[in-house]
Amino acid sequence: MRIKIGVIGCGAIAQVHHLPWLTELSDEYEVVAVCDVSESSASHLSQWFKVPNYYTNYEDLLNADLDAVLLCHTDPKTKVAVDAIKAGKHVFIEKPVCLTVEDINLLIAEKNNADVVVQTGYMKLFEPAFEYAQREALAMDDISLVEIRHIHPNNDLHVAQFRTKRFTDVPAKIIESSLTARNNAINTAIGSEAGIEARSAYMTLAGSAIHDMYGLRTVMGNPQKVLNTEIWKRDDGSSKGVNVILEYSSGAKATITWIDLPYLWDFDETLKIYGDSKRITVSYATGFSKNQSNVMIQDMDNNGIAQRREPLLDWESPFRRELRHFHAVVNGNAENRAPLEQAKYDISLNIDIVKSYLENSAIRVT
């Protein structure tokens with residue numbers, strides 16, 4: 001079945017990836033409408049991608065003749081997601097799905113009641129390099145250490161390589177309402193007494209490091225403890241970086257480092273998995289790039305000689321692959337690889353990571 005879909009949120013990720021791929025996948029999708037609180041943005045994308053309808057009120061889009069919605073608007077997305085589910089629409093929801101355990105529980109309950117598909121926008125699950133590494137790692141029984149390094153430049157350096165437009169006609173009351181809703185969600189997640197460094201670090205975990213967290217989960221499972229969390233502050237008190245140590249029931253440890261180094265072009269995100277006789281390294285391209293991520297395997301051949309393998313992988317964009325997967329799941333031809341039930345583990349772990357910092361102690365993961 002060809003899916004009639006609407007897109008809510010007309011920012012950079014919609015312009016660079018989602019709408020170009022939905023348009024290219026014309027056998028799978030018909031883009032019926034776009035929506036944004038900026039009328040200029042919605043109108044611009046409607047003309048650019050030849051989408052027949054545009055709206056500034058998402059409820060009008062939900063009333064249109066469509067089967068599914070893709071949500072990539074400003075966080076939190078919970079209310080729009082709930083309303084879309086209640087309207088009987090299948091939902092593809094960009095990360096972060098939501099910011100609290102209470103909200104993810106609500107989404108799961110509504111999804112189950114409505115019997116619709118809800119897929120999380122965890123695009124790195126669909127990276128050919130990660131999929132290869134995951135298969136290699138799941139065959140290992142001696143993983144001792146996982147290292148994640150995420151050196152993050154300013155996204156504008158990469159977005160500037162594409163044709164994108166920003167508009168400034170979002171009503172002030174909508175901006176204020178969004179900020180209030182986000183602050184309320186953060187208060188629920190980590191407490192209203194948390195300082196600016198903890199609050200900004202939590203949003204970093206939810207919005208950027210989440211790619212590393214869900215990839216780690218699919219390789220290692222859920223950790224037993226958050227052993228330690230450090231947050232590095234900028235001069236204004238906000239978070240510049242986060243360093244986390246996790247412990248697993250096997251005794252293995254994982255270290256995650258995310259830091260904002262804004263002014264150089266280089267994007268450096270790696271996943272390294274260490275065992276006694278095998279090493280796996282995934283080097284990711286920035287999510288805005290259309291370059292290819294790669295994987296390197298170090299192990300022994302059948303003659304006991306150390307070797308290094310760098311397999312040649314598919315070039316297909318992970319964004320394109322996850323949209324094709326969503327189409328297959330909606331049509332009953334695949335099992336959802338990024339369900340809400342799995343996203344709940346990531347939200348809960350992010351909260352525990354920040355609590356470890358706030359309490360200056362290890363946290364047993366629930």
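In this predicted model, strand 1 (residues 3-8) pairs with strand 4 in the parallel sense, over four bridges. Within this pairing, Ile 5 stands opposite Ala 68 of strand 4. Strand 4 also runs parallel to strand 5 (residues 90-94), to which four bridges join it; here Leu 71 has Ile 93 of strand 5 as its bridge partner.

In a regular strand, side chains alternate between the two faces of the sheet. Strand 4 (residues 68-71) has Ala 68 and Leu 70 pointing one way, with Val 69 and Leu 71 pointing the other way. These residues are all buried.

A further sheet is open and mixed in its pairing, with nine strands in the order 14-13-12-11-7-10-9-8-15. Its edge strands, strand 14 (306-309) and strand 15 (363-364), each pair on one side only. Strand 14 is joined to strand 13 (residues 294-300) by four bridges in the antiparallel sense, and Arg 308 of strand 14 is the bridge partner of Gln 298.

Helix 6 packs on this sheet, and its contacts include strand 13 and strand 14. Helix 10 lies across strands of its own set, among them strand 9 (239-247) and strand 10 (253-260). The table lists the directions of these elements.

| Helix | Strand | Angle between directions |
|---|---|---|
| Helix 6 (residues 128-138) | Strand 12 (279-284) | about 165° |
| Helix 10 (residues 210-220) | Strand 7 | about 165° |

How do helix 9 and helix 12 pack? The axes of helix 9 (residues 196-207) and helix 12 are 10 Å apart, at an angle of about 155°. Helix 9 is therefore roughly antiparallel to helix 12, and the crossing is right-handed. Helix 9 contributes Glu 197, Ala 198, Tyr 202, Leu 205 and Ala 206 to the contact. From helix 12 come Ile 347, Asn 350, Ile 351, Ile 353, Val 354, Tyr 357 and Leu 358. By class, this contact comprises 10 nonpolar, one polar and one charged residues.

Ala 334 lies in the loop between helix 11 (318-330) and helix 12 (340-359). Its relative accessibility is 32%, so Ala 334 counts as partly exposed. Leaving aside residues up to four places away in sequence, Ala 334 touches His 325, Ala 328 and Val 329. The C-alpha atom of Ala 334 is separated by 27 Å from that of Asn 291, and the two residues are 43 residues apart along the chain.

Note on methods
Residues numbered from 1 in each chain as written. Predicted model: local features only at pLDDT ≥ 70, side-chain atom pairs only at ≥ 80, totals over all residues. Heavy atoms only, no water. Helix = DSSP H or I, 4+ residues; strand = E, 2+ residues; numbered from the N terminus. Buried < 20%, exposed > 50% of the residue type's maximum accessible area, 1.4 Å probe, protein only. Contact = heavy atoms within 4.5 Å. Axes fitted to C-alpha atoms, helices over the stretch in contact; angles between N-to-C directions. Parallel < 35°, antiparallel > 145°, perpendicular 65-115°, else oblique. Left-handed = near helix turned anticlockwise from the far one by under 90°. Nonpolar A, V, L, I, M, F, W, Y, C, P; charged D, E, K, R; others polar. Pairing = 2+ DSSP bridges.
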